Amino acid sequence: MFKKSLFEEFVPERGSVIAEIACGHESSVDRVSRLIDIVSKSQTDLIKFQIFLTHERAKKGEREWDIFQRLVFGEKDWSTIVERCRDAGLRVLADVDGYES
C-alpha cells in the first residue's frame with residue numbers, strides 16, 4: 001500500500017500546526033538544532049524553513065543584502081539540518097526562493 005503524501009494528510013477536521021522557523025535560526029546550526037529539539041517535543045511533526053541565496057532575495061549594496069547574507073546556510077548545513085529533523089521525527093517543509101536555491 002502507498003503511503004499518503006503529506007498534503008493528502010491535511011484535512012480541515014484534524015487541523016495541522018506548522019512550526020515556522022523562517023530565519024529564527026540566525027544562520028547558526030546550533031541554534032536551529034535547539035529549535036528542532038523544541039519542535040520535536042511539541043504536538044506537531046511539521047517544521048518549515050526558508051531556503052534562499054542572498055542574490056535571489058536582494059541586490060548588493062542595498063540594506064537587505066546584509067540582512068539576508070547573514071542568514072544563509074550552505075548546502076552541507078541544509079543537509080545536516082534536514083537529517084536532524086528527520087531523526088527527530090519531523091517532516092520538513094520549505095519556502096524556496098529562486099531557481100538556484
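I looked at R57 first: its charged end sits over the ring of F52, 5.0 Å from the ring centre. A charge counts as sitting over a ring if NZ of Lys or CZ of Arg is within 6 Å of the ring centre and within 35 degrees of the ring normal.

I note that this is a predicted model, where local features need pLDDT of at least 70, side-chain atom pairs count only at pLDDT 80 or more, and totals for chains, interfaces and linings use all residues. Residues are numbered from 1 along each chain as its sequence is written, and side-chain values use heavy atoms, with hydrogens and water left out.

Next I looked up ring pairs and found three aromatic pairs in the structure. Rings of Phe, Tyr and Trp (its six-membered ring) pair if their centres lie within 6.5 Å; planes under 30 degrees apart are stacked, over 60 edge-to-face, and the rest tilted.

F52 and F68 form an edge-to-face pair, with 5.3 Å between centres and 80° between planes. F52 lies in strand β2 (residues 46-52) and F68 in helix α3 (residues 63-69), so the pair ties together parts 16 residues apart in sequence. Helices (H or I, at least four residues) and strands (E, at least two) are DSSP runs, numbered from the N terminus.

Ring pairs link F49, F73 and W78 into a cluster.
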